[in-house]
Amino acid sequence: SCLPNLSSTVHRISALESLWPAFLAALSFSYLSKTLSGTIMKSSITQIERRFDLTSSTVGFIDGSFEIGNLLVIAFVSYFGAKLHRPKVIAVGCFTMALGSLLTAMPHFFMGYYKYETSSHTASSANLTSSINPCSQHQDVNETLLEVSQSGCEKEPSSYMWIYILLGNMLRGIGETPITPLGISYLDDFAKEEDVPVYVACLHTIAMLGPMFGFLLGSLCAKLYVDIGFVDLGNITITPQDSRWVGAWWLGFLIGGVTSFLAAIPFCFLPKSLKKPEEDNDKTSYGLLENMRKKLTLAQSKPRKWSVILKDFYTSLKKVLSNRMYFTFLCCSLLQFNSFIGFLTYKPKYMEQQYGQSTSKSNFLIGLTTLPPVGIGIFLGGLIMKKYKMGIIGATKFAFIMSFLAYVTTLLHFFVGCENHVVAGMTVSYEGKPIPYHENAIFSECNSDCKCASNVWDPVCGDNGLTYVSACLAGCTTSVGHGKSTVFQNCSCLAVSSSWTGNNSVTLGQCPKSEDCSMKFIYYTVIQVISGFCYALGVKLTMSFPVISCDIFACFVPAGIPAPVYFGALIDKTCLKWGSTSCGQQGACRLYDSNAYRYVYLGLSAVLRGPSYLIGILFYILIKKDFQNKKSRPIVNGGREDAPINKEDNCKIKEHLPGSSDVENESCI
């Protein structure tokens with residue numbers, strides 16, 4: 001009578017073992033979806049800034065709301081996640097990410113069509129047969145335009161719709177929190193010990209595809225007009241290179257939301273636990289003791305009061321921070337993360353403003369030229385570590401050298417920047433001579449007879465190579481064509497240019513950067529590839545240390561929240577020309593001082609990273625000193641000071657860390 005029960009038990013165990021590949025595949029897809037969604041936000045920063053007329057600091061705060069979401073639930077996940085049904089908790093997290101992505105995209109469907117600022121409100125009318133006179137010489141024309149503007153202001157939805165994006169990004173942060181800790185702990189509990197590093201490596205490899213696909217998807221969405229399918233694109237007078245262009249930013253979030261939703265479904269059908277594969281027969285006594293301890297801990301675990309939990313948390317935190325080696329690395333990583341997060345957040349924007357690239361092309365190049373070299377670097381770093389059997393001292397030294405080499409390489413960016421856009425009345429005079437940016441004067445004798453608006457940004461490119469803030473400020477009196485092909489003629493300000501004797505006509509949009517700037521952009525891209533590759537070589541090595549693979553969350557969150565804000569605030573200081581909304585309020589920045597932007601953006605990143613290497617030297621000294629002290633202790637790893645790292649050795653190393661706590665040691669038992 002026991003045979004049927006025995007048979008059903010065997011079938012149940014076999015079924016649990018067969019679900020193991022399903023869990024690994026589901027977890028891999030969830031990793032892909034979370035990195036994809038995160039990169040879509042980074043690639044859409046500029047679009048969101050323009051669509052909602054925000055400053056860079058405000059959009060940086062929106063970006064940092066993701067880490068705020070992490071903070072809200074990390075304590076709950078850390079203490080109670082392992083006691084709950086982990087696959088279902090991960091499923092809830094993925095569903096929450098999907099909801100956050102969809103909420104982020106929702107404002108697009110409630111704000112109406114995008115109305116970019118223009119000085120010629122009827123210039124895009126396709127059935128227009130009469131010529132437009134941008135130089136409004138009669139006051140009643142300006143009054144009519146003002147009435148239209150005020151009417152549009154009254155009908156405009158609330159300017160606080162960006163709050164939904166902030167809440168959506170925060171929800172996405174809440175949803176992503178349980179995926180990594182619970183997924184890795186599930187792997188650790190129910191996979192062979194020797195297979196766990198392989199599985200984790202596969203997860204991180206697949207996760208690397210998310211940023212690449214995210215930036216490529218962001219590039220595609222940025223190329224599409226924000227209201228594509230709902231407006232006649234023939235009437236749109238701006239191009240993707242224009243600083244007023246807004247792409248289909250919402251489309252990427254819809255795709256990210258669907259991906260996260262699909263990632264959640266498999267976890268709903270996975271069991272709370274799986275059958276752990278049998279270990280080899282030559283199992284060590286250490287492994288047996290580890291299994292016995294796990295069983296004993298589970299048997300004795302009882303619910304505890306919140307006061308006891310908080311007291312234990314405070315005690316554990318105090319002991320961990322008292323570990324000199326851990327605290328030193330924490331400070332070093334905090335500076336590095338602040339630099340990297342701020343740098344990455346505004347990297348597409350920097351490429352647009354410094355080199356005149358479109359948002360679409362910037363995202364495409366980041367996805368194609370930056371991320372693949374990083375992936376290759378991480379892979380080669382692992383091979384180097386395996387081939388030369390690096391121990392903790394050798395790996396620390398190699399990682400420090402590679403990171404410092406990458407830092408020195410990035411300093412070359414200061415020498416491959418482009419000059420300011422040549423804008424009459426702002427960066428140069430109407431005669432074409434450079435002027436200080438604080439002395440800009442967009443009004444001149446050549447346009448004194450025109451009643452031009454001073455707060456409108458509707459740039460035109462003159463045949464003389466100068467960009468004018470608007471056709472009115474260029475002194476143009478007639479036009480031909482419509483839409484993007486509109487050409488303004490009889491522009492009096494072109495005749496003021498000292499060396500110009502050609503046609504006095506202008507076309508829509510800013511004048512392109514010089515060929516020399518295009519060459520410098522190639523140098524910039526090469527520097528990015530080399531520095532990213534060098535830094536990635538050391539990443540694989542540092543992640544192998546017990547003290548370094550502590551909790552990256554402790555470094556990422558304090559950097560992820562403030563870094564985009566103060567980077568954005570300093571970038572706002574370099575703005576030369578702010579846009580204006582239909583209500584006459586300040587909009588997004590349209591033109592930056594390229595030189596000031598370069599020094600602020602690159603300089604702040606360099607200043608943050610520089611001191612981290614001094615702290616890194618101290619970290620290396622502490623590690624080396626610790627191993628030198630072990631020479632007088634029992635022989636470990638055959639007496640080799642720099643022996644290869646493995647899991648059991650990590651625990652032994654951590655037991656001897658200066659100031660190491662009991663909590664750390666228990667994590668190795």
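In which helix is Gln-528 found? Gln-528 belongs to helix α17, which covers residues 515–542. The model is predicted, with a mean pLDDT of 78 over the chain.

**Confidence**
- A pLDDT of at least 70 is reached by 75% of the residues.

- Gln-528 counts as buried because its relative accessibility is 8%, under the 20% cut-off.
- Beyond four places in sequence, Gln-528 contacts Phe-343, Lys-347, Thr-370 and His-413.
- Ser-403 sits in helix α16 (residues 392–410) and is likewise counted as buried, at 9% relative accessibility.
- The C-alpha atoms of Ser-403 and Cys-534 are 6.7 Å apart, although 131 residues separate the two in sequence.

**Nonpolar core**
- The largest nonpolar core comprises 56 residues, and those with the most contacts inside it are Ile-48, Phe-52, Trp-249, Tyr-355 and Tyr-601.
- Helix α20 (residues 594–629) gives the most to this core, contributing five residues.
- Ile-48 is in contact with Met-41, Leu-54, Val-59, Ile-165, Trp-249 and Phe-253, leaving aside residues up to four places away in sequence.

- An open sheet of five strands has the order β2-β1-β5-β4-β3, with antiparallel pairing.
- Its edge strands, β2 (467–468) and β3 (478–480), each pair on one side only.
- Strands β4 (residues 487–489) and β5 (residues 506–508) run antiparallel and are joined by two bridges; Val-487 stands opposite Thr-507 in β5.
- Trp-457 lies in the loop between α16 and β1 (460–462) and is buried, with a relative accessible area of 0%.
- The contacts of Trp-457 beyond four places in sequence include Glu-117, Arg-244, Met-426, Gln-510 and Arg-590.
- Trp-457 and Ser-470 are 13 residues apart in sequence and 6.5 Å apart from C-alpha to C-alpha.

**Cysteines**
- The structure holds six disulfides, among them Cys-452 to Cys-472, with an S to S distance of 1.9 Å.
- The Cys-452 and Cys-472 disulfide is left-handed, because the torsion about its S-S bond is about -85°.
- Cys-452 lies in the loop between α16 and β1 and Cys-472 in the loop between β2 and β3, so this pair ties together parts 20 residues apart in sequence; both cysteines are buried.
- Cys-461 and Cys-511 are joined with an S to S distance of 2.0 Å, and a torsion of about 105° means that their disulfide is right-handed.
- Cys-461 is in strand β1 and Cys-511 in the loop between β5 and α17, so the bond ties together parts 50 residues apart in sequence.
- Cys-575 and Cys-589 form a disulfide with sulfur atoms 2.0 Å apart; its torsion is about 105°, so the disulfide is right-handed.
- That pair links strand β6 (residues 575–580), which holds Cys-575, to strand β7 (residues 586–592), which holds Cys-589, and both cysteines are buried.
- Cys-94 is in no disulfide, the nearest cysteine sulfur being that of Cys-268, 9.0 Å away.
- Cys-94 is buried, with a relative accessible area of 0%, whereas Cys-268 counts as partly exposed at 33% relative accessibility.

Terms used:
Residues are numbered from 1 along each chain as its sequence is written. This is a predicted model: local features need pLDDT of at least 70, side-chain atom pairs count only at pLDDT 80 or more; totals for chains, interfaces and linings use all residues. Side-chain values use heavy atoms; hydrogens and water are left out. Helices (H or I, at least four residues) and strands (E, at least two) are DSSP runs, numbered from the N terminus. Buried means under 20% relative accessible area, exposed over 50%, partly exposed in between (1.4 Å probe, protein chains only). Contact means heavy atoms within 4.5 Å. A nonpolar core is a set of buried Ala, Val, Leu, Ile, Met, Phe, Trp, Tyr and Cys residues joined through side-chain atoms within 4.5 Å. pLDDT is the predictor's confidence in each residue, from 0 to 100. Two strands pair if DSSP finds at least two bridges between them. A disulfide is a pair of cysteine sulfur atoms within 2.5 Å.
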